[in-house]
Amino acid sequence: MSTNQAVPASGQSPANSSLPAGLQTQLQASIPQKRFLDCVHCGLCLSACPTYLETGDENDSPRGRIYLMRAVAEGRTGLTNEIASHLEACLDCRACETACPSGVQYGRLIEPFRVAMETTRTEVQPGLANQASQWLTSTLLTKLFPSAGLTQWALWPARWMQALGVDGLAKSWPARALTPQILQRMHRLLPKLSPPAGALPDRFAPVGPRRATVALLTGCVAEAMFSQTNRATIRVLQHNGCEVLIPKTQACCGAIHYHNGDRTKAMRLARQNLGAFPWRNIDAVIANVAGCGAMLKDYGHIGEEDPQIDPVLLEELTSFAHKIKDVSEFLVDLGPVEPQHPVHLKAVYHDACHLCHAQKVKQQPRQLLSLIPGLTIAPIEEAEICCGAAGSYNLTQPEMADRLGQRKVRHILEVQGVQAVLTGNAGCALQMAACLSEANSSIPVMHVMDILDQSYGPLPQNR
Ligand code: SF4
Ligand code: SF4
C-alpha cells in the first residue's frame, strides 16, 4: 500500500504541525476508535471509489483516507493542507461501504471528521477576494439553498434571461470574467426553469380505498427546481391508494449543512422536522430525493455523535428515522398498482449514490420501471459510480466533479439508441443534464416518478 509517506506509523512521534485546538478531543468523542479498526486494508473497495478510479492515488481511496483520518485522530500527524485536500475530495458517495466485506461504516468516519475539521477551523484564506468567495459559497450553501422560497426568488433573474433568450450571455467572456466561479457553476447546472408552482395543499386524497397515509418531504432546491417531480410523486402515491400529507412547517433535511461540517444547524433542522411531521401517526415519511432521504434516515446516527444529546431526543430522532422511506422503496413494500399507459422509450437508469449505497435501495426503482408498458431499461457501465453531483460537491470541487460527469456521459452515450436517463435524485439530474448538454446531447434526464406518473396517466376527475 502506497499511503502518504508523510504519515508516521503508530508509535512514532508526529512529523507535522500540531492539530487545531480541540480537534483531537472532538474526533475522539464522535468517532469510536473501533470504527477505524474495522478496516483490514484489503483494498476491495478501491475499484468502487470514483476518486481513486480517476486519480489512481491511494490517498484518494477509501483505504487511504481511513488511514489518513486515523493518523490525524491518533495525533500522529497534523491536519496538513495535503491531508485535508484528500479528505475534501471525497464525494461521500459511500460506494466503499457497499464494496467493503468488513462492514466499514465509512460515512460515519468521514462525516464526523468533517464536522470536527469545520468546527476547529482557524485558517481564513488570505486576500479579500478569497474571503469574499468563502463568504459567498457559505451563504449560498447554508442560507439560500436550504430555503425553497429564497431559492425560488433567487431564480427569477435566470428565469427572465431564459424567457428573453439571452441566457447564453452568461457564458460570454465578460460575464465569466466578472462573475464569481460558484455562480458560474450554479448557472451551468440550471435546468429549463418552469414558472414557480403554487403552494401545495395540506392533503391529497387517495384514488380508491385508502391503503396508507404518508407525508412527503418536498425539499428546498428540489421544490424550487423540480416542483413537477414533487407533484408527479404525489399523483403516483395517490394512484397507489395513499393519502398524502404536506406538513407546512417542514424544513430542509439539513444534509447540506451536515456534509459541510455544520452539525449544530443540521440538528436544529432535524428537531424542526421532528415537530413538523406527524410521524407517529402515519405509515411513512416519504423522500423522493436520495440525498435528503439518506440524511433523514441518519438523524439517529448523527444524534449519537453528540455526547451531550438528551436521551429522549435521541430516541425520537431514531424512531423518526425508522419512518423514512424512499418513494420507490415504499411503493414496492406496499405492492404497486400496475400503471397502464405505455411509454415507448429506451432509457438507462443511473443509481444515485445516496439511494443505492447510503440507503441500499437498488432494485426497487428498477422493479417499478419494469411495470411500465413499452419502457426498455438498457444496462449501463458503472451505473453505481457517482456522476460527480454529490450534494454541493459539483460546486465546491469542480475539477473532479467535471471529470466524473464526463465519465458518466461517456457511458450513457455508449448505449445505442438511448433516449432518456432516469434517476432518483435531483442533484444527479442537474449534473447529468449539464454534462450531457456540454457534450451536445439533448437526451433528457428524468426522475423515476416523472415517468411513472406518465404511465399512470391523469387522476380521475373528482380529485
Ligand atoms: S474494503 Fe473495507 S476493509 Fe477493505 S480496505 Fe476498503 S474499507 Fe478497508
Ligand atoms: S465515499 Fe466515495 S469517494 Fe469517498 S472514499 Fe468512499 S467510495 Fe471513495
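Helix axes are lines fitted to C-alpha atoms over the stretch in contact, and angles run from 0 to 180 degrees between N-to-C directions. With that in hand, welcome to a predicted model, in which local features need pLDDT of at least 70, side-chain atom pairs count only at pLDDT 80 or more, and totals for chains, interfaces and linings use all residues. Residues are numbered from 1 along each chain as its sequence is written, and side-chain values use heavy atoms, with hydrogens and water left out.

**Two helix pairs**

Helices here are DSSP runs (H or I, at least four residues), numbered from the N terminus. The two pairs compare as follows.

| Pair | Angle | Axis separation |
|---|---|---|
| α4 and α5 (residues 81-88) | about 135° | 10 Å |
| α14 (residues 227-239) and α26 (residues 448-456) | about 50° | 8 Å |

Angles under 35 degrees count as roughly parallel, over 145 as roughly antiparallel, 65 to 115 as roughly perpendicular and the rest as oblique. The helices α4 and α5 are therefore oblique to each other, and α14 and α26 are therefore oblique too. A crossing is left-handed if the near helix is turned anticlockwise from the far one by less than a right angle; α4 and α5 cross in this left-handed way, and α14 passes α26 in a left-handed crossing.

Which residues make these contacts (heavy atoms within 4.5 Å)? From α14, Q228, T229, A232, T233, R235, V236 and H239 meet M449, D450, L452, D453 and Y456 of α26. That contact divides into 5 nonpolar, 4 polar and 3 charged residues, where Ala, Val, Leu, Ile, Met, Phe, Trp, Tyr, Cys and Pro count as nonpolar, Asp, Glu, Lys and Arg as charged, and the others, Gly among them, as polar. On the other pair, R65, L68, M69 and V72 in α4 touch I83, H86 and L87 in α5, with 5 nonpolar, 1 polar and 1 charged.

A cavity is a set of points on a 1 Å grid where a 1.4 Å probe fits but cannot get out, and lining residues have an atom within 4 Å of a point. There are 6 cavities of 30 Å³ or more.

The largest cavity holds about 110 Å³. Of its 15 lining residues, C39, C45, I66, C100 and V104 are the closest to its centre. Helix α4 (residues 62-73) gives the largest share of this lining, 3 residues, and the lining as a whole has 11 nonpolar, 3 polar and 1 charged.

The second largest cavity holds about 90 Å³. Its lining has 13 residues, and C49, R65, C90, C93 and C96 are the closest to its centre. At least two lining residues come from each of α3 (50-55), α4 and α6 (95-99). The lining of the second largest cavity divides into 9 nonpolar, 1 polar and 3 charged.

Methods
Chains are lettered from A and ligands numbered from 1 in the order in which they are written. Contact means heavy atoms within 4.5 Å. On a 1 Å grid over the protein atoms alone, a cavity is a set of points where a 1.4 Å probe fits but cannot get out, and a pocket is an open set with protein on both sides within 12 Å along at least five of seven lines; lining residues have an atom within 4 Å of a point. Grid points are joined across faces, edges and corners, and a volume is the space filled by probe spheres set on the points.
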